[in-house]
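The following exercises concern the predicted model shown below. Each sets a task and then works through its solution step by step.

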Amino acid sequence: MDELTALKVAISPVDKFREFLAIQGKRLTQEREIIVEEVFSDHRHFDADELVDRLAYNDDGRRVSRSTVYRALDSLVQAGLLRKVARTNDRDVYEHDYGYPQHDHLICQKCGSLTEFHNDEISEILDEVSKSRGFRMSGHRLEVHGICEQCAQPKKRKQRLPGTV
Ligand SMILES: [Zn+2]
Ligand SMILES: [Zn+2]
């Protein structure tokens, strides 16, 4: 499976978000900047509550409120920086949309894990399907549902000695 690596982008996520907010007559507050920097510090799928936790334990002791995080996430999706990828375990999961290559997801129905993969043949097939319907594809995110390798493994029963609880 190919390793997905971030693409080089001309404008940093912070600057791109600043531009987006400026168009809406808003400004990039310090809180919003902290959120964007944390979100883009590494590529992981995350949900809103995880991000709230990550920001709560920031080294410099500044806290960002839950409602600010939720609102910022909505704005980041609108700005094209983030994408809601799926709902697993009853939570919306986000990932970077800006500066990240085309890929698809394997989603485990048991543990909610998301595994990324890229396959050229899938892209070609979807391109053909689109073209045959006069549709111009700009991208895709397939959600493949099932059970991951770890969850599919039979659970090892703990051996108990007779007489122990
Ligand atoms: Zn699993
Ligand atoms: Zn992904």
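**Exercise 1. State the handedness of the crossing of H1 and H2, and describe the contact between these helices.**

Solution. 
1. H1 and H2 cross in a right-handed manner.
2. The axes of H1 and H2 come within 9 Å, and they cross at roughly 140 degrees.
3. That angle makes H1 oblique to H2, because only angles over 145 degrees would count as roughly antiparallel.
4. On the side of H1, the contact is made by Pro13, Val14 and Phe17; on the side of H2, by Glu33, Val36 and Glu37.
5. By class, the residues of this contact are four nonpolar, no polar and two charged.

**Exercise 2. Determine how H2 is placed relative to H4, and which residues meet between them.**

Solution. 
1. Helix H2 spans residues 30-39 and helix H4 spans residues 66-78.
2. Their axes come within 10 Å and cross at roughly 65 degrees.
3. H2 is therefore roughly perpendicular to H4, a term that applies from 65 to 115 degrees.
4. The crossing in which H2 passes H4 is right-handed.
5. From H2, the residues Glu31, Arg32, Ile35 and Val39 take part, and they meet Thr68, Val69, Ala72 and Leu76 of H4.
6. Sorted by class, the contact of H2 with H4 holds five nonpolar, one polar and two charged residues.

**Exercise 3. Identify the buried residues of H2 and say against which elements they pack.**

Solution. 
1. A residue is buried if 20 or more other C-beta atoms lie within 10 Å of its own.
2. In H2, the buried residues are Arg32, Ile35, Val36 and Val39.
3. These residues lie on the same side of H2, because they cover an arc of only 95 degrees around the axis.
4. Gln30 and Glu37 are exposed residues on the face of H2 turned away from its buried side.
5. The partners against which the buried residues of H2 pack are helix H1 (13-23), helix H3 (48-56), H4 and strand S1 (82-88).

**Exercise 4. Describe the packing of H3 and H4.**

Solution. 
1. The axes of H3 and H4 are 10 Å apart, and the helices pack at an angle of about 125 degrees.
2. This angle makes H3 oblique to H4.
3. H3 and H4 form a right-handed crossing.
4. H3 contributes Ala48, Leu51, Val52 and Leu55 to the contact, while H4 contributes Arg66, Val69, Tyr70 and Leu73.
5. The contact of H3 with H4 consists of seven nonpolar, no polar and one charged residues.

**Exercise 5. Is Gly146 buried or exposed? Locate this residue and name its contacts.**

Solution. 
1. Gly146 belongs to strand S5, which covers residues 143-146.
2. Gly146 counts as exposed, because it has 11 C-beta neighbours inside 10 Å, and the class takes in residues with 12 or fewer.
3. When neighbours within four places in sequence are left aside, Gly146 is in contact with Leu106, Cys108 and Gln109.
4. From Gly146 to Gly112 the separation is 34 residues in sequence and 9.8 Å in space, C-alpha to C-alpha.

**Exercise 6. Summarise the chain as a whole: how many helices and strands does the secondary structure comprise, and in what pattern?**

Solution. 
1. The secondary structure comes to six helices and five strands.
2. Along the sequence, these elements follow the pattern α-α-α-α-β-β-β-β-α-β-α.
3. The chain has 165 residues, of which 14% count as buried.
4. Of the contacts with a separation of 6 or more, 53% are accounted for by residues 24 or more positions apart.

Note on methods:
Residues numbered from 1 in each chain as written. Chains lettered and ligands numbered in written order. Predicted model: local features only at pLDDT ≥ 70, side-chain atom pairs only at ≥ 80, totals over all residues. Axes fitted to C-alpha atoms, helices over the stretch in contact; angles between N-to-C directions. Helix = DSSP H or I, 4+ residues; strand = E, 2+ residues; numbered from the N terminus. Parallel < 35°, antiparallel > 145°, perpendicular 65-115°, else oblique. Left-handed = near helix turned anticlockwise from the far one by under 90°. Contact = placed C-beta atoms within 7 Å. Nonpolar A, V, L, I, M, F, W, Y, C, P; charged D, E, K, R; others polar. Arc of directions from axis to C-beta.
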